Amino acid sequence: MTGLVIHLDVPGAPEGAVVPLEILNLNTGRTVHAVARCGMTTEVETDAAPLYVQATLTDGQALTAFADAHESTRLRLAPPSTTTQGARSPMSEHPAPETVAQAHMAHAEPYRGAWACLWRPCRRGAGGSDGAGWESVPFKPIDLSEESTGLGWRIIEAAGCALEVGGDVIAQRSVILPPAAALTVTLMRTTGGAPDFDAGYALRVRSRDEQAEALLAYSTAGQLTSADIIARHYLAPAERVLDSKALSPLGAIIGGYYLLRSRSLGQQHDWPTDLADRYPRLPDAACIRMGQLLQSPEPDRSELHARALQAVRAGLPSYTDGLRWLYRTTGLLCSVMEDDQELQDVHRTLRSYADAADWDAALTSFRGSPVQPTVERQTGLPRNTSAAEGMVLLTEDRLGHPDSAPPEDRWGPAGEYGVLSAAVVDRRRADTDGGHYQIHLRDSLGTDYRAAVDVLPRPDTPLLYLVLDDFRHPLTTRLPTLADGWACATTDVAGLDFVRGNLFDPGDLRTLEPELAPFVNDLQDLLDAHVQQAIDDPRAVVHVFGRRFGPDAHHPDEPFGFLPGNGVYDIHMNQGSAGRFRGDDRVGEDGGLLIHLAGEQRWVAIFLAFVSQSWYTDNLTGHTAHTLPPTPGSPIRIVSALVGPVGVMLGVTPAAETVTLVNATNAAVDLSGWRLADQQSHSLRLPAESLPAGAEITVAAQGAFKLGNHGGVIALHDPTGARVHNVSYTSHEAPDAGGIIAFGTPE
């Protein structure tokens with residue numbers, strides 16, 4: 001036997017990075033497996049014989065050499081060229097020098113305006129219910145350095161937190177930080193072969209556990225043979241790994257995901273259960289147990305359900321494998337537990353992260369912020385003002401001071417859409433301030449806001465308004481009953497959609513002409529009356545839907561004087577717009593006011609729009625649809641629905657829920673291509689038959705289409721896909737024991 005001393009030289013790779021070795025004895029054909037560390041020497045005991053040595057990098061590149069081994073033979077393994085033509089080495093935090101030169105040529109200031117924001121999971125929900133959310137937290141980067149190879153810093157003890165980064169030319173993305181005491185973070189410029197998700201910039205997060213990082217990198221890349229070599233030198237029996245990682249579970253988590261990928265069920269035993277029970281605050285621990293259950297012949301459905309909820313209540317998994325197992329588990333459970341509303345909501349929320357995720361990354365990464373993942377590429381300042389409050393500049397202040405911006409641009413372009421839930425403090429009529437009725441609000445934490453409500457028409461466009469003093473809609477059951485402050489619109493707090501939400505009949509809107517004087521204004525009078533009621537009712541909560549502005553810590557609010565300036569605008573219809581306002585169009589992001597008068601157990605709704613806006617809009621963009629709108633008045637109308645039949649409530653096999661429609665014309669209508677849609681947009685096709693004039697047809701719910709027992713919306717689409725009729729009902733209208741809800745007389 002002899003000692004083979006190997007020096008592994010991989011330019012750009014972090015020192016100490018672990019790489020698997022395969023050493024083939026050319027005389028006997030025997031292979032010895034070992035591991036080496038980048039930038040360091042490794043001694044491997046082997047036979048004194050001609051040897052073929054191979055080191056495999058995570059990108060699949062093999063470094064090879066021959067050696068005639070004898071006493072203390074030395075061997076250097078290195079790539080044939082130190083250049084990486086336009087590509088990134090997955091083993092490296094830093095690109096090779098040529099890549100850096102290309103990056104600087106592509107952009108003179110590659111990290112211009114770079115910023116970061118740290119988010120942590122928190123427990124909050126609508127109406128005081130328990131639910132997962134995110135809040136920005138202050139942090140200070142350690143050892144911040146800007147070098148030609150990248151912008152790097154360290155973060156201490158931030159397990160489970162989400163790090164969001166962005167910049168003037170850097171697409172905003174977030175990464176969930178793993179459970180390690182210290183992490184090195186590098187934002188690097190990429191060129192050539194960079195994935196589309198990176199959009200020219202990659203965010204790397206590494207712990208100090210190089211063996212765990214290597215095992216993760218190879219297993220994520222699908223190189224299970226190389227991962228297995230590392231695992232042989234790294235993984236002790238599963239129970240001992242768990243015990244040895246009691247203070248830092250990083251190794252146990254990564255080891256668990258490797259065992260799942262390699263389907264090594266025999267090595268796991270009760271270890272995943274112990275891991276999930278020991279670390280209930282780490283979503284990955286529960287995800288590993290879910291993966292083990294799903295790989296078993298007969299998964300325990302009840303434990304799968306419990307572990308899925310355990311994971312989401314703790315936050316998001318740090319590793320993409322965990323997000324994959326969690327999303328898969330909730331999807332499978334939703335298909336067999338359709339009545340579990342919490343589970344359905346959880347899966348819908350996870351879908352927004354899944355749609356925005358980089359599934360090729362090792363750590364869970366997605367575009368946008370944790371509170372608002374997005375498939376769109378966004379650069380510049382954070383749109384979410386909570387992120388702006390916790391934002392840390394990573395380079396010199398090239399963003400400019402707020403005072404340097406013109407007053408009208410101080411808060412930037414149209415901001416994040418959401419809902420403000422707060423109590424009314426004061427108000428100002430539009431005759432004292434330009435064209436907006438101003439409402440001063442304050443949430444339960446004492447934060448002040450201003451709502452700017454359009455009450456005067458634009459010079460060339462009449463204003464439409466509707467005030468409903470007894471508003472009933474399933475939306476109200478999903479709004480918080482407390483003054484919880486600002487929340488972006490999510491599946492938990494839905495946005496308003498005047499076209500699709502069946503909030504009101506557009507024909508009921510009244511017109512406010514442009515020439516109407518501010519002091520002769522029915523809309524202001526109605527607003528004043530209801531806002532005063534909210535002031536008089538100490539438990540009243542006003543929900544303001546619109547876009548956020550502020551906070552501006554440098555200028556007091558006008559006209560109320562609080563600091564920082566902060567509030568909501570665009571409290572009107574925000575789709576089907578024309579001219580310069582077309583850029584504000586969005587589906588499901590209309591503005592409005594909903595006032596909950598708790599003392600009277602009554603809701604007041606105030607809706608505004610402009611005559612120039614279209615009521616026939618594209619389902620994706622919110623722009624005015626290019627095709628012609630349907631003839632006013634659908635020939636087919638929804639007249640009633642059977643919601644929650646008695647059998648459903650008693651837990652026995654029931655008759656199906658049904659929807660009844662009528663042909664309201666004097667001619668037969670071919671129903672081919674017509675369909676119904678529920679509140680989650682699940683479709684139910686109508687029978688392909690002719691419905692005689694004045695005749696009714698009752699269709700039974702099938703598949704995913706369902707009618708919620710706690711309120712819902714039913715929409716009817718014609719063969720072109722246009723929504724031609726829709727109805728809604730509240731939880732109060734849905735009979736407790738099941739029954740028929742009538743939706744009025746057809747036109």
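The legends below describe close-up views of a predicted model.

**View 1. The packing of helix α10 against helix α11.** Helix α10, which spans residues 320–336, packs with helix α11, residues 341–356, at an angle of about 140°, and the axes of the two helices are 9 Å apart. The two helices are therefore oblique to each other, and α10 passes α11 in a left-handed crossing. On the α10 side the contact is made by Leu 323, Leu 326, Tyr 327, Thr 330, Gly 331, Leu 333 and Cys 334, which meet Leu 343, Gln 344, Val 346, His 347, Leu 350, Arg 351 and Ala 354 of α11.

**View 2. Strand β29 with its partners β30 and β38.** Seven of the eight residues of strand β29 (residues 636–643) are buried, so this strand is largely enclosed by the rest of the structure. Strand β30 (residues 658–663) runs antiparallel to β29 and is joined to it by six bridges, with Ile 636 standing opposite Asn 663 in β30. Strand β38 (residues 739–742) is likewise antiparallel to β29, here through four bridges, and Ser 640 stands opposite Ala 742 in β38.

**View 3. The open sheet of three strands, β4-β1-β7.** The strands of this sheet follow the order β4-β1-β7, and their pairing is mixed. Because β4 (41–46) and β7 (73–77) stand at the edges and each has a single partner strand, one side of each is left without a neighbour in the sheet. From one strand to the next, the twist averages 25°. Strand β1 (residues 2–8) pairs with β7 in the parallel sense over five bridges, and the bridge partner of Val 5 in β7 is Arg 74.

**View 4. The open sheet of four strands, β3-β2-β5-β6, with helices α2 and α3.** This sheet has antiparallel pairing and the strand order β3-β2-β5-β6, with β3 (31–37) and β6 (62–68) as the edge strands, each of which pairs on one side only. The twist in this sheet averages 25° from one strand to the next. Strand β2 (residues 18–25) is joined to β3 by seven bridges in an antiparallel arrangement, in which Ile 23 stands opposite Val 32 of β3. Helix α2 (residues 210–220) packs on the sheet and touches β2, β3 and β5 (50–56), its direction making about 75° with that of β2. Helix α3 (residues 224–234) lies across β2, β3 and β5, and runs at about 80° to β3.

Key: Residues numbered from 1 in each chain as written. Predicted model: local features only at pLDDT ≥ 70, side-chain atom pairs only at ≥ 80, totals over all residues. Heavy atoms only, no water. Axes fitted to C-alpha atoms, helices over the stretch in contact; angles between N-to-C directions. Parallel < 35°, antiparallel > 145°, perpendicular 65-115°, else oblique. Left-handed = near helix turned anticlockwise from the far one by under 90°. Contact = heavy atoms within 4.5 Å. Buried < 20%, exposed > 50% of the residue type's maximum accessible area, 1.4 Å probe, protein only. Pairing = 2+ DSSP bridges.
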